[in-house]
Amino acid sequence: MKPTNAPKTYRVKSFGCQMNVYDGERMAELLGEQGIAPAAEGEDADLVVLNTCHIREKAAEKVYSDIGRIVKRGREAGRQPLIAVAGCVAQAEGEEIMARAPAVGMVVGPQAYHRLPEMLDRAVKGERAADTDMPAIAKFAALPRRKRSAPGAFLTIQEGCDKFCTYCVVPYTRGAEISRPYADLVEEAQKLVEAGAREITLLGQNVSAWSGEDAAGRRIGLGGLIRTLAKVDGLARIRYTTSHPADMDDDLIAVHGEVDKLMPYLHLPVQSGSDRVLKAMNRSHTAESYLKLLERFRAARPDLALSGDFIVGFPGESEAEFADTLALVDAVGYAQAFSFKYSPRPGTPAATMDAQIAPEVMDERLQRLQASLRRDQLAFNEASIGTNCEVLVERRGKRDGQWLGKSPWLQSVHFTGEAEIGDLVRVEMTSAGQQSMGGALLQPAAA
Ligand code: SAH
Ligand code: SF4
Ligand code: F3S
């Protein structure tokens, strides 16, 4: 690699989960501290960070084709940007990326991106650098303070996963479970609110596995953390994602009934409704234990909206086992859900299991599952018509005077009238679609 001018502009492209979005924002803040500005919309950046996801399908191939596209564009423009590959593909395939893609100047894993500035100095001198160490907690301490925030902010409180579901790469790309210290989280939440956040979503690959010591030295879990954060002035809403059914304790369930700021929404992935498949997935819960758990949450917070993740076509999944998943969906009535075709991930136990399911069978099952999930989502939205709720205004809509925001149940709501981004306004739900609600402004935000 030839030495190059120090980049003046950057662009961070994040793929995958919300934690990658959080990481992408933090990398942008770090680059901002180096005096590098975000590239204007439509303009080429001097530094492109591809913040990648490895969870499904041809993730790595996609990265190579993105790199190819950036190089081609650079050739046409007569100026090659510096390319950094970050995120979970960087962690899983860092060395291979360095070997296969000479255009890439930096490879940086999800636990090492706080070292981006040093790597950048080396890259400018013409030295390619890769860092996929996993120093766990060190990253957060090395990141700059939060200065600006959208009304809805993410806050990573826990990272990594020790669950080792047999299909999943996350334990390998994000490392072992770690919890960020209580005091750091309270401080970051306060800074986010000062920077403009009204709602904070606490993030973790297993967010309900968070544990720490409060100011009095008592051991607390996620429930205790939520109780403290609810006292942060100016913070109106709290959410958390993603939880694993194994880590949901009594206190967390109770908090749903006690803390108004905690929104009535729970994303609790189940993956399958078949106990045999769940066992083969190493999920540690059964369909019944999952349903019982949901009942307890609903008892604490009767208007709780539920969301889940599903995988169809796990190796060996029979038609009858898939039907168990459909039955579970019917039993729960999800307000939202994410469903995926099983994708063999290199290095995971499931990838080499017998009886891999044919793609056309997976396609067909996914369609049937999604039809059920769409039916329930629409029913949930239709049942909201005529009710009113607070909406957090997040951005302008496509039409003149239109605003888009989120209901407590994470529905997207559009309405027209007087509002500002960051307001909490009262809206009556007047129409329901599959993905969003139409509403009428009842009461603008209090000044
Ligand atoms: N930690 C969370 C979610 C992690 S990944 C949890 O345990 O629930 C998000 C979702 O991607 C998973 O819930 C699962 O539904 C899906 N997923 C993960 N690995 C997959 C794979 N190999 N093929 C298809 N879907 C997968
Ligand atoms: Fe992956 Fe399972 Fe861990 Fe979730 S709990 S990140 S699905 S291994
Ligand atoms: Fe993807 Fe890594 Fe998140 S694999 S889903 S970006 S933890």
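**Entry 1: two helices**

At what angle do the axes of α9 and helix α11 cross? I looked this up before anything else. The model is predicted, so local features need pLDDT of at least 70 and side-chain atom pairs count only at pLDDT 80 or more, while totals for chains, interfaces and linings use all residues. Residues are numbered from 1 along each chain as its sequence is written, chains are lettered from A and ligands numbered from 1 in the order in which they are written, and side-chain values use heavy atoms, with hydrogens and water left out.

Now the answer: the axes of α9 and α11 (residues 287-300) cross at roughly 35 degrees and come within 7 Å. Axes are lines fitted to C-alpha atoms, for helices over the stretch in contact, and angles run from 0 to 180 degrees between N-to-C directions. Helices (H or I, at least four residues) and strands (E, at least two) are DSSP runs, numbered from the N terminus.

I then listed the residues that meet. From α9 come Asp250, Leu252, Ile253, His256 and Gly257; from α11 come Leu293, Arg296, Phe297 and Ala300. Contact means heavy atoms within 4.5 Å. I sorted this contact by class and got five nonpolar, two polar and two charged residues. Ala, Val, Leu, Ile, Met, Phe, Trp, Tyr, Cys and Pro count as nonpolar, Asp, Glu, Lys and Arg as charged, and the others, Gly among them, as polar.

I moved to Met248, in the loop between β13 and α9. Is Met248 buried or exposed? Met248 is buried, with a relative accessible area of 8%. Buried means under 20% relative accessible area, exposed over 50%, partly exposed in between (1.4 Å probe, protein chains only). Setting aside residues up to four places away in sequence, Met248 touches Ser208, Tyr240, Ser243, Leu266, Leu268, Leu293 and Phe297. I also checked Met248 against Leu222: they are 26 residues apart along the chain, and their C-alpha atoms are separated by 9.0 Å.

The buried residues are Leu222, Gly223, Gly224, Leu225, Ile226, Thr228 and Leu229. What do they pack against? I found α7 (182-194), β10 (199-203), β12 (219-221), β13 (237-241) and α9 (250-258).

I checked the UniProt record next. Its unreviewed entry places the feature "binding site" at Cys17, Cys53 and Cys88. These three are spread over 72 residues of sequence, yet they cluster in space, with a largest C-alpha distance of 10.5 Å. UniProt positions are given in the numbering used here, feature names are shortened, and annotations may be inferred rather than shown by experiment.

Cys53 sits in the loop between β3 (47-52) and α2 (59-77). Cys53 is partly exposed, at a relative accessible area of 24%. Cys88 belongs to helix α3 (residues 87-100). Cys88 counts as buried, at 9% relative accessibility. Beyond four places in sequence, the contacts of Cys88 include Cys53, Pro110 and Arg174.

The shell of ligand 2 includes Cys161, Cys165, Cys168 and Arg283. By class, ligand 2 has seven nonpolar, two polar and two charged residues around it.

I traced an open sheet of six strands, in the order β2-β1-β3-β4-β5-β6, with parallel pairing. Its edge strands are β2 (37-38) and β6 (129-131), each pairing on one side only. Two strands pair if DSSP finds at least two bridges between them. Four bridges join β4 (residues 82-86) to β5 (residues 104-108). There, Ile83 stands opposite Val104. Helix α2 lies across β3, β4 and β5, at about 165 degrees to β3.

Then I found a barrel. Five strands close it in the order β17-β18-β19-β21-β20, and the pairing is mixed. Neighbouring strands here are turned by 55 degrees against each other on average, direction ignored. Helix α13 (residues 359-384) packs on this sheet, touching β20 (424-432) and β21 (436-443). The direction of α13 makes about 115 degrees with that of β20.

Definitions and conventions:
A residue is near a molecule or strand if one of its heavy atoms lies within 4 Å of it.
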